[in-house]
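Here are some notes to read alongside the structure, written for someone meeting it for the first time. Please keep the view open and follow the points in turn.

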Amino acid sequence: MLRDFRKVFKDNGTTMGALMVVLSAGMLLYLVPSGSQNVTPDSVVARVYGREVYKRDVDERLSQAMQQFKGMNPDQLMAYLGPQALQQAIQDKLMEELAERHGVVVTDLEVKTAVEAQLSQYPVLLDPATHKLKPYAELKPILDENGFSLAQFEKRIRLDLVRRKLVAQAAVQIPVDAAWVEVENRVRNEKLTLEDARIAPDPSKVADPGDGPLQAYLQQSGQRFLQPARRVIQYVAVDKAVLAKETAVTDEQVQQAYQARLAQFTTPAQAKARHILFTASNETQYAEALKKAQDLRAKLVKGLDFAKAAEEFSQDPSAKGRGGDLGWFDASKMVKEFSDAAFKLKKGEISEPVKTQFGYHLIQLEDTKPAQVKPFEEVKAQLKAQLEDDRFATRASERLENLKKKANNGDLANGARALGLEAKTSLPFSADGTVSLQGLSGDISNLQRTAFTLKVGQVSNVGRVGDAFVLFRVQKEVPPTVPPLAEIRPQVLAAWKLEQARTQLLAQAQTALQQGGLEALKPLGAVVQTLSDTTLSAQPDLGSHSAIRQALLDAAPGQTTPFRWLEDGKLWVAVLKARTPAPALTFETRKALVEGIQTQEAQKLLSAELETLLRQGDLHPGFSSLWGHLGGIWKNEAYLKALQAPAAADSPN
């Protein structure tokens, strides 16, 4: 809704400002999610320029990613992949935002055509008679059986079409002249044989010159150490040590919680089975499938090998090569009819035909595992830590909320002392630099960014940073300046030593090269290699470096190139041995090359625009979801913390 108001009133700042005051007050409860509510698939876990990211969006991506890492610790995997899945879902919304800004629209017909084209590549999904896709009613059981979501697939196809249209739209606007085409043809198709040497400078061998030379160096090249506008905050942190007595729980309380949460520590009964499926989607097919299942069962009970029969007769695509083996599963992993039948069987027994939404199954039970409850002693430490952390979160938040009320946008020190806390003052820090705050560990980037969304003197909301809760006040802003040497000496020394090391290495390398060629560079630590019949495009570190690329294009066989510095900081030089010219361009190859150049440059532009949207949105995260409506990117920190919680629980205290 806010997006529509923003469009209507974008040329009337006064009206829009007044309207937003009313909207902000009236929608406050909607914009700020309650931490006490359960996170459901329909919960909003992020807002991206007014576009909502639901938990189900993240779950879809997370499910796909988890499939690729079967066998790994699921808790650690969740903590690693969860935040990535959330960020990917945010990227999807950024793509939608960019498409709207550029007027790019993908129709349902385009999506349908692309989906059908992709699915048609799989013979199992085609009707043998018509060689066209089977009806949806027949496709769905096959897709479901293989864990394939058509809805997710359509989303991915739609986003891919959006990206392609954005790239195509930008590509046609990129002018490509004959000289550019000629150079690109040589880069891609000209064959070079060369010998090159790469040497890394070693700043550790350069001694500290003392403050005098460093001060002179700082004055001479001070602009490279120019710090952007920085802020100083006064902050109060409450960690677990401060509230240890208030948050401690007894063994009796842990035991009571264990009994109340017994289901959390129970591994359900499991079965290991094989199955044979005869697919069906209508009454006639079900009757045929039942007859096939009954006939085959009669042979199986007489001794026909079940695994071999599954390979030959099962219409479940996943049965091929596995003999119908389903591995271990609990009742929740299968449809109810299948699970009910499987768990009633005895070891080695073959079921009667079992009807499900997919058709008729024959099941052979191979083994079972009873439900297992983790003993209290095994989970006691983990559960106690959870209970104490819950208490800590409640107590710490309450204490800092009381402090915020007393602060009233003023100094935090007096109010903190009254609550038995200490107010500390940070060193100046920038929005994107490295920050260290005494008493706080973990990722403080959100606090750092938030400090630049508040006004000087304004007090933040209460937030969590690692194992502490924090409240802060923006105390002052330091304008852009070059700090004194004492404040940034380590950075100045590192830059000076690297510059000295590079200067010394270049001089030594030039002398050695004149005396004995590339071999003479080896005592300096050079790695010499020969690249035979290669192209510049096949050597990204060379072909993407404009000065090196030009040096190799200009060099004649037998000639040594000038020294150049690679992107990784190494000194580079080469001797060209031979060159095979690129084939002459025809009309078709020239056209393809122009289109390739335009597409390549358009993709760079698209990536840059997405990065800009992400960076600008991250500047307005806030401690609520308001900015997520007005032109920023808001992430539900509680949800993000929950994604990372399993790993935190596994880490040592």
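1. Phe-429 has a relative accessibility of 4%, so it counts as buried; the classes are buried under 20% relative accessible area, exposed over 50% and partly exposed in between, with a 1.4 Å probe and protein chains only. Before going on, please note that this is a predicted model, in which local features need pLDDT of at least 70 and side-chain atom pairs count only at pLDDT 80 or more, while totals for chains, interfaces and linings use all residues. Residues are numbered from 1 along each chain as its sequence is written, and side-chain values use heavy atoms, with hydrogens and water left out.

2. Now for the partner of that ring. Phe-452 has a relative accessible area of 25% and is therefore partly exposed. The ring centres of Phe-429 and Phe-452 are 6.2 Å apart and the planes stand at 70 degrees, which makes the pair edge-to-face. Rings of Phe, Tyr and Trp (its six-membered ring) pair if their centres lie within 6.5 Å, and planes under 30 degrees apart are stacked, over 60 edge-to-face and the rest tilted. Phe-429 sits in the loop between β11 and α18 (445–451), and Phe-452 in the loop between α18 and β12, so this pair links parts of the chain that are 23 residues apart. Helices (H or I, at least four residues) and strands (E, at least two) are DSSP runs, numbered from the N terminus.

3. Phe-452 has another neighbour to look at. Arg-231 lies over the face of its ring, at 5.4 Å from the ring centre. A charge sits over a ring if NZ of Lys or CZ of Arg is within 6 Å of the ring centre and within 35 degrees of the ring normal.

4. How many aromatic pairs does the ring rule give? The count comes to eight. One of them joins Phe-329 and Phe-343, whose ring centres are 6.2 Å apart with planes at 85 degrees, so the pair is edge-to-face. Phe-329 belongs to strand β7 (residues 325–330) and Phe-343 to helix α15 (residues 336–344), 14 residues apart. Phe-329 is buried at 3% relative accessibility, whereas Phe-343 is partly exposed, at 32%. Elsewhere, ring pairs link Tyr-258, Phe-265 and Phe-376 into a cluster.

5. Please look next at the open sheet of four strands, ordered β11-β4-β13-β12 with antiparallel pairing. Two strands pair if DSSP finds at least two bridges between them. The edges are β11 (423–425) and β12 (463–465); each has a single partner strand, so one side of each is without a neighbour in the sheet. Neighbouring strands here are turned by 45 degrees against each other on average, direction ignored. Between β12 and strand β13 (residues 468–478) there are three bridges, and the two run antiparallel. Val-465 stands opposite Ala-468 in β13. Helix α16 (residues 376–407) packs on the sheet and touches β4 (230–239), β12 and β13, its direction making about 35 degrees with that of β13. Contact means heavy atoms within 4.5 Å; axes are lines fitted to C-alpha atoms, for helices over the stretch in contact, and angles run from 0 to 180 degrees between N-to-C directions.

6. A further open sheet has three strands in the order β2-β1-β17, again with antiparallel pairing. At its edges stand β2 (51–54) and β17 (633–635), each with a single partner strand, so one side of each lacks a neighbour in the sheet. Neighbouring strands are turned by 20 degrees on average, direction ignored. Four bridges join strand β1 (residues 44–48) to the antiparallel β2, and Val-48 stands opposite Arg-51 in β2. In the loop between β1 and β2 you will find Tyr-49, which has a positive phi of about 50 degrees although it is not a glycine. Tyr-49 is buried, with a relative accessible area of 4%.

7. Finally, is Arg-274 buried or exposed? Its relative accessibility is 17%, so it counts as buried. Arg-274 lies in strand β6 (residues 270–279). Leaving out residues up to four places away in sequence, Arg-274 touches several residues, among them Phe-306, Asp-325, Leu-362 and Glu-366.
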